[in-house]
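Some questions about how terms are applied to this model follow, each with its answer.

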Amino acid sequence: MTALRRALEFLFTRALRSRLGVALVIAVLIFGVIGAARLVSDPADPGDGLSSRPNRPITTVDPTAGDDGVLSSEAAPSPVTSPGARTPEQTAEQFAAAWLGRPGITAKEWQAGLRPLSTPALTEKLIGADPAGVPAKKLTGPLTMRERTEAFVELEIPLDAGRLRLELVASSEGWLVDVLDWERP
């Protein structure tokens, strides 16, 4: 009886008070519950399982719709310009010239020069901007245009201190600059 008493005393005073002992008790309980559940449950077809898998693959894209990739072999559509209206290139050149400004120009004059070439959203973002903060002074090369859609183009203009990147959108007033970004070399 003393051996059984010592074993129980060891179990309750040392083993169950350690992390390892608690982990072993939890593992025994889990395996006991799983074993009891298997004994009580009906024998089922092992092919059924818990899954209700479909009998064919799930498709989220119509396989007959064509290529849905990012890269396309089709050429981007050319921008559409109304007869007599400014082209995107002309708008970008005029905007770049107005953005570069001239010596001694006031902020009001500078913003007034940009306003007819800008969307209302860009005009609002430029409120409070100072023409003295423009980091470049002159154009240094021809602009490059990337057509995205018939009503959206991106243009890059090389300047003496970096590149001016403009995003233009077609509107009822013609092509307008919607986004202005400056990239240093």
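Q: What share of the contacts in the protein chain between residues at least 6 apart in sequence join residues at least 24 apart?
A: The share is 44%, where contact means heavy atoms within 4.5 Å. The model is predicted, so local features need pLDDT of at least 70 and side-chain atom pairs count only at pLDDT 80 or more, while totals for chains, interfaces and linings use all residues. Residues are numbered from 1 along each chain as its sequence is written, and side-chain values use heavy atoms, with hydrogens and water left out.

Q: How many helices and strands does the protein chain have, and in what order do the elements run?
A: There are five helices and four strands, running α-α-α-α-α-β-β-β-β from the N terminus. Helices (H or I, at least four residues) and strands (E, at least two) are DSSP runs, numbered from the N terminus.

Q: What makes the largest nonpolar core a core, and which residues have the most contacts inside it?
A: A nonpolar core is a set of buried Ala, Val, Leu, Ile, Met, Phe, Trp, Tyr and Cys residues joined through side-chain atoms within 4.5 Å; buried means under 20% relative accessible area (1.4 Å probe, protein chains only). The largest such set has 25 residues, and those with the most contacts inside it are Phe95, Trp99, Ile157, Leu159, Leu164 and Leu166. Helix 3 (88–100), helix 4 (107–114), strand 2 (152–159), strand 3 (162–171) and strand 4 (174–183) each supply at least two of its residues. Helix 3 gives the most, with six.

Q: Which residues does Ile157 touch, not counting those up to four places away in sequence?
A: Ile157 touches Ala92, Ala96, Leu139, Leu143, Gly162, Arg163, Leu164 and Leu166.

Q: How much of the protein chain counts as buried?
A: Of its 185 residues, 22% fall in that class.

Q: Why is the space lined by Gln111, Leu114, Arg115, Ser118, Thr123, Leu126 and Ile127 called a cavity?
A: On a 1 Å grid over the protein atoms alone, a cavity is a set of points where a 1.4 Å probe fits but cannot get out, and lining residues have an atom within 4 Å of a point. These residues line the largest cavity, which holds about 60 Å³ of space. A volume is the space filled by probe spheres set on the points, which are joined across faces, edges and corners. The count comes to one cavity of 30 Å³ or more.

How values were computed: Buried means under 20% relative accessible area, exposed over 50%, partly exposed in between (1.4 Å probe, protein chains only). On a 1 Å grid over the protein atoms alone, a cavity is a set of points where a 1.4 Å probe fits but cannot get out, and a pocket is an open set with protein on both sides within 12 Å along at least five of seven lines; lining residues have an atom within 4 Å of a point.
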